[in-house]
Structures are given as C-alpha cells and as structure tokens.
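Subject: Handover of a structure and notes on its features

Dear colleague,

Please find below the structure that I am handing over to you. My notes on it follow directly after.

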Amino acid sequence: MNKWIRTPHTARDAAAPPAADPAVRPANHWFDANPQIFTRRERLSTTLLFGGLSAAADTLLSAALEGLGYKARALDTPDFASLHIGREFGNRGQCNPTYFTVGNLVKYLHSLEAQGRSKTEIIRDFVFVTAGACGPCRFGNYVTEYRKALRDAGFEGFRVLVFDNNGGIKQASGDDLGLEFNAHFFLTVLGAILVADVLNVATYRIRPYELSPGATDAAFEQCMAMLCAGFRQPRTLFGALRRVGRTLNAIEIDRLRVKPKVALIGEFWAMTTEGDGNYHLHRFLEQEGAEVEVQMVSSWILYIIWQNLWDTRRRMKLPAADHARMGLGNQDARRKLIMYTLGDRALRLFHRLVVFSMGMKNHAMPNMNELAKLGHDHYDNHLRGGEGHLEVAKVIQSAKERSAHLVVSVKPFGCLPSSGISDGVQSHVTELYPEVIFCSVETTGDAPVMVQSRVQMQLFKARGLAQAEFDRVLSESGLDLKTARAAVKRRHTLDYPSVTGIAGTAARFVAEISLWRRLVARLSRAFASSRG
C-alpha cells in the first residue's frame, strides 16, 4: 500500500459521494499537516535547532539567540553519516543539501533518544529552524521533504519553522508567537553572521602562512569563545572584537610563502559548508598549498537587498499600477527604495565597524551593482535561482581584476541554477577570458577522490602562475627576497596588502613595499631639493 495515501482530512472530502465505479477508489492525496505551532510560553522549555551555514556562523547564531532569551543549539557540521541517514528516510533524487541537512537533524534526534529522551519529549521540546524560498530548483520543496523524512524516522509532528529569505521581517503574524521575527531579531542574527564572516575571512587569510601548524585553529577557538560571550552579553561585543584582533595578531606568519590564490564559489550551501558536504574542499585546498578566498554568508543578504532594489526600480517604470503579489500598486515605491538602501548601507557600516574593531586591514563587502553589470551581458539579471548572475560575474571579476589564480565552482550534482545554467555560460566566459583557470565540480556524497583529483590538476597550473607572478613582481620591485621578508615581518598579522591587479598575497606584499619605498624616496628627493 502506498504510504503517501492518507484518509480524507476534511469533512467535505469525507462526505464526498462514492465513485461511480465501485472498483475505483477516489484518490486521497497526501496532505502535509505542516506543524508549526510554537508559542511564547514554550520559549523557555523549547530548544531551537539550526545549521547549514559555516561552522562559525552556526556557533555565533546560537550564542546570539541565547542573548535574545531563546534556548538554541547549532547542529554539528553534517558528515557522511548524516548523508546516509538522509538517503534512508528521504525521497530519491533529492539535492545533496537536503540529505545532509535532514540526515544531520535525524542523527541528532536519535542521539537524544540514546540519552534516554522519548520521542514525545523530543517532539515537544525541540524545533528546527531553517530557510525556505521558492525558485526554479528543488529548494522550495526542501521543507516538505524534511517533514516527510522526520515522519518516516519516527518523529511525526516534529516542528520545522521556515524563515523565507524573501519575506524580510514580515515572516509571521498573530499573537503569542514563540519566535518573533522583528527588527531586533534580524539585526542580532545579521550581526552574528557578519562577525562570523569576518572571522572566517581573517583565519583563511592567516592559516596558509602560519609558522606553527595549528596555531590559527587554536586562536580561532579562543576567538569563538570570546565572541560567543560577547553575543550573550551584547554590550561587551566590541570589546570582544578587539580581543579577537589581538589574539589573531599574535600568530606568527610568513607572508612571503608563494601560494596560489583560489576563489571558491558555487551553490550557496556547497561553497559555505566545511565538512563532508563538499569533501572538506576548503581544507583540501589548503593542504595542497593554496590560499582560499572564501565567500561570505552576508554577501547573500546583500544580494537579496539588491534584488529588491532592482525589481522595485524596474516596476516603477511600468505604465500602469502593478497589483500583482510583488507589485507596487498599493505601496509607496520611493519609501521601499529608501528602506532597502538604508538596509544595504547599515550592513556595510556594521561590517566596517567589525573590521575596524578587529584591526583588520583591506577587506570590503562586494559591490552588487558592479557584479550585476559584469554578469548582465552573459546572464540576465532578471533570472533568479541559486546565486543568479553572481557565479558568472565573479569569474569575470577575477579575470578583470586578476584577483585569483584559480576559480573553483562547487555545487551538488544536478543543481539546476548552477550546473545546468551557470556552468553552461561559464564555457563562453572562459573563451572570452582565456587567462582564467576555471574548475567546476559537482558533489554527490560519493567518490571524493574524483573531485579532488580534478581540482589538483587545475591547481598544478595555478601554482605555476603564482610562482611566475611572484618572480616577476620581485624582479620589477628591485628588492631582494631577504629585504622584502624583513619589511613584511614588521607588519601585523591582520594587515593585508591593498595592491590590486595581482592575485598572490606574497607578490602583493612585495609590490606594496616597493611602492612605499619609491614614494618615500621621491618625497625625500623633493624635500632635499626644496631645502637646496
């Protein structure tokens, strides 16, 4: 018997007349009860479970929610055991993120059972919070698949609360809400994500150059403890950021190690997770001698803001009022533009405050208008789904600005927006910019050696480019390696060269030192001539 066929769930269906042919049974389609009730009185006894971002973002989100008065726990980074559980209880043909995410959740619930909790207690005392949205791929169906897998794993009725990434702060209405999606909630959550992003960028910049293996990871753990305490007591956050900066600056590094710069882009979940979901691709690249340029989770928020600004401006040009679901017929379009613009600027301002508090140098959030212009001729800005035009635009940007020796795009097998559309366009982009080394890989949860071997082949080329670039810059600078190393050693660990048009960190430092020396020499000659 098909387990998806249920008994009628409404009185009208139950009273429906029988079919004319007694041998034909009326079809009663499966109905998703979608349990979501979570009241304010349950807040002190119910734990919010979540996961799926970077490890730092998940941990700091947990601390931030505790600072808001919630009980929260970030799930561990999904592993292959999570994938196998997800496949056991999920439908066939799903996207990897679905299997990893729901399998990780079921694995955690089973661990609670092993500790002596009953299924009834688990369903009552825990709630899973996740993102949701519609789109051209399977992402809009994820939440239903989560509940189906939970039911088949024995947790029918387990609540999955959805945060729609297109819904802003208007996520829910009514009284007695347990999870209040208000402005304060969103500012706190965005703050945790942004701080995690900056810390991630800093550690990925430092780790490949550390003199003592493991020093960066040890410092990262100390920094996370400081920041978690800062989010639980928000008044101490900026003090915690200053202590984080001092901790990272204490790491001894050698910036003149020549390493290829690898920009890791692709489908959102696959490029941000740091576990088996992408075969530990970040650490694998580092072990192979590369410096990884990671993407920030908060960049996705800027992209959502940009989408709303773009769409609003386009709708304002319509000859008549648009009363569609996303239309402006009953809205003040100018006010809407102002609100989204302020949101963009507020996020960028907070980023600058975080970077300044940590003492980090030369790090900026992406310019979404610039990326939209770069990608538009090859991937129309109106097309949505996944990263939209961003993947194509990032490859073009890396070519024009020479910001990376290798671009790796990672995504789950069969990802429609990334594999089916973006990668098709990338073949044309790489013809236009043959200097770009581009590698696209898909993950299935199996055969990591195949993915890693493909990356290794392209990384071999990138190493050669990095070494040639460094040799050229060193020769043009007029410096010897010993002098350059002594100059770089006097810089703080969090300092990062501002020179553009050069990808490698070592080459950038040499170029920047050379520029400063030439500037000082020119000023000295000018001063001497003025006195003479």
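Does F238 count as buried, partly exposed or exposed? The model is a predicted one, and in it F238 has a relative accessibility of 31%. Because buried means under 20% and exposed over 50%, F238 counts as partly exposed. The residue lies in helix α9, which spans residues 237-249. Leaving aside residues up to four places away in sequence, F238 touches F350, L353 and S357. In the case of L353, 115 residues of sequence separate it from F238, while the C-alpha atoms of the two are 8.8 Å apart.

Strands and sheet

Four strands form an open sheet in the order β6-β5-β7-β8, and their pairing is parallel. At its edges are β6 and β8 (438-443), each of which pairs on one side only. On average, and with direction ignored, neighbouring strands of this sheet are turned by 30 degrees against each other.

Two of the pairings can be described in detail. Strand β7 (residues 406-412) runs parallel to β5 and is joined to it by five bridges; here V407 in β7 is the bridge partner of A263. Between β7 and β8, also parallel, there are six bridges, and V410 has V441 in β8 as its bridge partner. Although β8 is an edge strand, five of its six residues are buried, and the strand is mostly covered.

A further parallel pair is made by β1 (residues 47-50) and β2 (residues 71-74), which four bridges join. Within this pair, F50 stands opposite A74 in β2. In a regular strand, side chains alternate between the two faces of the sheet. For β1, both faces are covered: T47 and L49 are buried on one side, and L48 and F50 are buried on the other.

The second largest pocket

This pocket holds about 1,000 Å³ of space. Its lining has 42 residues, of which E293, H363, A364, Q397 and E401 are the closest to the centre. Several elements give two or more residues to the lining: the helices α7 (183-206), α10 (268-272), α12 (297-315), α14 (368-376) and α15 (390-401), together with the strands β5 (261-266) and β6 (291-293). The largest share, six residues, comes from α15. By class, the lining of the second largest pocket divides into 22 nonpolar, 11 polar and nine charged residues. The strands β5 and β6 that contribute to this lining also belong to the open sheet described above.

Enclosed cavities

How many cavities of 30 Å³ or more does the structure hold? There are four of them.

The largest cavity has a volume of about 80 Å³. It is lined by S54, D197, N200, Y204, M271, T272, E274, H282, V294, Q295 and V297. At least two of the lining residues are supplied by each of α7 and α10, and α7 provides the largest share, with three residues. The lining of the largest cavity comprises four nonpolar, five polar and two charged residues. Both α7 and α10 also give two or more residues to the lining of the second largest pocket.

The second largest cavity has a volume of about 40 Å³. Its lining consists of F50, G51, G52, L75, P78, T101, N104 and F128. These residues divide into four nonpolar and four polar, with no charged residue among them.

The loop between α10 and α11

Two residues with positive phi values deserve a note for your backbone checks. Y279, which is not a glycine, has a positive phi of about 60 degrees, and H280, likewise a residue other than glycine, has a phi near 50 degrees. Y279 is found in the loop between α10 and α11 (281-287), and H280 lies in the loop between α10 and α11 as well.

Which of the accessibility classes applies to Y279? Its relative accessibility is 4%, and it therefore counts as buried, the limit for that class being under 20%. H280, at 38% relative accessibility, counts as partly exposed.

Yours sincerely,
A colleague

Definitions and conventions:
Residues numbered from 1 in each chain as written. Predicted model: local features only at pLDDT ≥ 70, side-chain atom pairs only at ≥ 80, totals over all residues. Heavy atoms only, no water. 1 Å grid on protein atoms, 1.4 Å probe; cavity = no way out; pocket = protein on both sides within 12 Å on 5 of 7 lines; lining within 4 Å. Points joined across faces, edges and corners; volume = space filled by probe spheres on them. Nonpolar A, V, L, I, M, F, W, Y, C, P; charged D, E, K, R; others polar. Pairing = 2+ DSSP bridges. Axes fitted to C-alpha atoms, helices over the stretch in contact; angles between N-to-C directions. Buried < 20%, exposed > 50% of the residue type's maximum accessible area, 1.4 Å probe, protein only. Contact = heavy atoms within 4.5 Å.
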